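Here is a short walk through a model and the contact between its chains. Look at the sequence and the structure first, then read on.

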Amino acid sequence: MQRVNHDIVSSIIFIFVAAFALWETRGLSEMSYVFPRTAGIILLVCSIIFFIKSIIKKEDKKAFDDINKRKVMVMSLGMIGYLIVIGLVGFLIASIIYIWAFCFYLQRDEKEKSNKSKMLHAGITAFGVSIFFFVLFKFVFAVPLPPGIFFGG
Amino acid sequence: MLEFLPDIISSLTNPINLLLMCAGVIAGIIVGALPGLTATMALALLLPFTFTMQADTSLITLGGLYIGGIYGGCISAILINTPGTPSAIATTFDGYPMTKKGKATQALIAAAVSSGIGGVIGGLALLFLTPLLATLALRFGPPEYFWIAMLGLTMIATLSSGSMLKGLMGGAVGLLISTIGISPVGGESRYTFGFSPLQAGLELIVILIAFFCIPEVIGMIESKIKQKKNKEVKKERGVARKLFFYIIKRPILVIRSSIIGIITGIIPGAGGNVAALLSYDAAVRFSKDKKEFGKGKVDGVVASEASNNAEVGGSLVPLLSLGIPGAPPAAIILGALMMQGIRPGPDLLEEHSGLVYTFLVAFIVANVVMLIFGLMGSRYVGKVISLPVYYLAPSIVFLTIVGSYAIRNNFLDVALMIGFGLLAYVMKKVGFNPAPIVLGLILGPIAERGLAQSMLMAKASGNTFELFFTRPISVVLIALCILSIVGPLLSTIFRSKSKIDEEIQG
Amino acid sequence: MKTKWLALVFVLCGLFVLGACANSAGSTEDPEDYPSKKITYSIPFDPGGQSDVEARRQQPYLEEALGQSVVIQYKPGGGGSVGWTELVDKDPDGYFLSGMNIPHIILQPLSNDDTGYETEDIVPVAIVQATPIGIAVSKDSDINSLADLVEKAKANPGSVTAAGSGTYSGHHLAFLQLQDLAGVEMQYIPFDGAAPSVQAFLGGNTEVLFANSSDLVKYAKDMKILAIGSEETFKPLPDVPTIKAEGYDMTAGIDRGVAVPPGTDPAIIAKLEKAFLDILDEPGVMDEMYAEGFEPKKMGHDAAVEYIATKKEQYSRILEEVKGN
């Protein structure tokens, strides 16, 4: 199977990013565009060189081979989910849910532990970490924490 | 100065002052170690409480907090690759690899020792060289800012492990994202897409967490094979003593780093992050085994920590001599002085010499206190990292969320942190190191302001060349830039040549 | 596995309902009872700045007058625009106040279309202090008066440089206004904040400095202050003439006050107005302000609304002229 070369793909993405950044500087005054335009041109030139280089010298890199794709996906989606839940129910509850769920999920390879004790340990961590830092930030440092739509904090 | 000795001694032997100094240092270390809580924020929180204190007590407490806060940043940098304060950014380069090798305790001790020494050197400079350094600070105008940013950017060569081209691209991306928001000189909104919260630009700490921490957290859990017991922290006896002598035997490294820190400190607008980056770069360039850097070399940690703590002293120079804060935390100390009814300005040293000298001596003492606490703490803090990944990873994600929200009380920052973090993970996988991107982001605003302001100055004077290329400090900086670009090239040419010679002879 | 996910979803739904209930209860309050809980005072700038110092000065008096704790919170970014954007979206219940700076709140919406608020959305409670903007030159400059400066600028159009803080800011507008009234052309160089511009000026990078009165008082020995933008002679600098007295009909300054979200009950505004304005009568407060180089100002809600409207009209005219050219 022909693999997609990551270098080619990333160089094309960067060419687009640079072109877009340059396009966006239109209509600005000289003092506002001089710097982003310079940086954009550098990026464009480097990306084009990189593109040519990666076409000439095709290296078959397997960037994502040695990883557990599923775990990485779950972890990434988990962070996004965490974010959404914070927006809904506020920081403290979201954090307890998130840490609990992920401490449990990440223990799946621990064969010698029973599900019940995994659940328990994850729960202790979740409550311990969340509440400790919540109190520390909110009451000691008086730093506000993200509130949700439905709950204050 | 000697005539104030009785004042100084009576103030420093006052148990309340000493107690509050220690409390300040400890609180600073804790705040500094938590990403998102900065020394600036901690100082601001403490400010109202200092209102009722004596002037000297207030300054001593705030000074201790400031010192502790800058040092504390290295703890999270070493343990979880997340600079607790931006100043600790260069500490991640070698500190985190040391942790991965199971040498977290060594890295922490090295950081504590070099921070202490750097801080004391910075304090001594503050005590004896303030008037001299103040004149130097005034010599930095827009062109000099531009060149110092350029000098920093030549570091891309040092930082882009692997492909130089990818490093340059990363740097350019960093510069571009630094321009998001209202243009500093032109005053127009850029790249906000009509979205008003973006007018303020991206917050450095948020991006630091995204680019350094999130990829590492995902990296912790990504492997297919079951995690073996996580990197046990090796126990060794007498590590502290060994490292102390290791550092003492490298006076040039420590002194050079401290000087870079002090000079960067006195320039308002360039903070501890720039100091640490420049000094790390210098350490790599002057080292015989360059290849070892970035893989867990103690010297990297020493260079970064000595300089960012020396920077603290430096940043107080313009404050005490000119009334201009050299860094955001110094701005709060200025606020504290104003609340005490003391107007910092050119006359501060003359009008309040007793207080200023007491503060300066206390500042040096506080650095020693920090060193002691740092050493004591290193033994225990390092153990955190030997917790199993399944507890550690979600807890770190939790902390990154708190940190990125707390910095500006802005939920958008949390979303940006996660978004950029996932992007950074993918980019790292395809060979784009986060360091050059962050470098571009840190130096972008300094370079842009320097460039645009210089252009306006040149427009008025009608002589661009003179402005950019003939001012004395600019000339020095340009020479350093050229050296740092050409140097590595020359050495490769030289090396390959000597190889050829060997071949001919052989 | 599936059942666990289901359970999670179920718990989440439960939380939703619970949250919705918690939120709907007790949202209306009789303004007579105000304030009945802690008040958040947001500073749209970094901690330690002048706005912060002012808020910290007010805090204990406010807590005493209102009988509730006042929590200071920072929302820096975009020269204040991030904080003000947050303010206009908050509930108008009087429990969220924000520091307010004029001309910032007028100029930001005028200069950038994507600013997240309109000047009219920011409801002033009171204006408590002013910082007149002054014009200074270096101590060993050959310029001795505003007239000298204008003459020099006329002789060498575009070559006299002036440092100030920010673009489309109070300093910039004062510069433009003077340029317009005197019919000269100079080069304005914006720095990101008052301190960096003072530093650049002291370092000899620019010939002229536009600075806040507080900085002028601080550096009075190191520079020649040509004129100041206050209405009458500025008390801490009695020897400095006003720009008006020098023949240019303009005032320049930054006013600091406090604001609430649009739609706030007039009774609540009145309560807050009284609390803030009473602070100025506390013993020592005015003297402290003068010593720091500020001018105490006592302007209530109605006067402030009118003041902002006049200023807005004036600034739009100047900006139109600049952008038209």
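How many salt bridges are there between chain A and chain B? In this predicted model, the count is one. The partners are Asp7(A) and Lys166(B), whose side chains meet at 3.4 Å, N to O. Polar contacts between chain A and chain B number seven residue pairs, with both residues at pLDDT 80 or more.

The elements of chain A that give two or more residues to the side touching chain B are α1 (6-24), α2 (30-56), α3 (69-89), α4 (91-106) and α5 (115-140). Of that side, the largest share comes from α2(A), with 15 residues. Sorted by class, the side of chain A that touches chain B holds 41 nonpolar, 16 polar and 12 charged residues.

The extent of the contact can be given in residues and in area. Chain A contributes 69 residues to the contact, and chain B contributes 64 residues. Between chain A and chain B, about 5,800 Å² is buried, and carbon and sulfur atoms give 80% of that area. On the side of chain A, the residues that lose the most area to chain B are Met31(A), Phe35(A) and Met79(A), which together make up 14% of what that side buries.

Key:
Residues are numbered from 1 along each chain as its sequence is written. Chains are lettered from A and ligands numbered from 1 in the order in which they are written. This is a predicted model: local features need pLDDT of at least 70, side-chain atom pairs count only at pLDDT 80 or more; totals for chains, interfaces and linings use all residues. Side-chain values use heavy atoms; hydrogens and water are left out. Contact means heavy atoms within 4.5 Å. Buried area is the accessible area (1.4 Å probe) that two parts lose on being put together, summed over both. A salt bridge is a side-chain nitrogen of Lys or Arg within 4 Å of a carboxyl oxygen of Asp or Glu. A polar contact is a pair of N or O atoms within 3.5 Å; within protein, one must be able to donate a hydrogen and the other to accept it, and residues adjacent in sequence count only if both atoms are side-chain atoms. Helices (H or I, at least four residues) and strands (E, at least two) are DSSP runs, numbered from the N terminus. Ala, Val, Leu, Ile, Met, Phe, Trp, Tyr, Cys and Pro count as nonpolar, Asp, Glu, Lys and Arg as charged, and the others, Gly among them, as polar.
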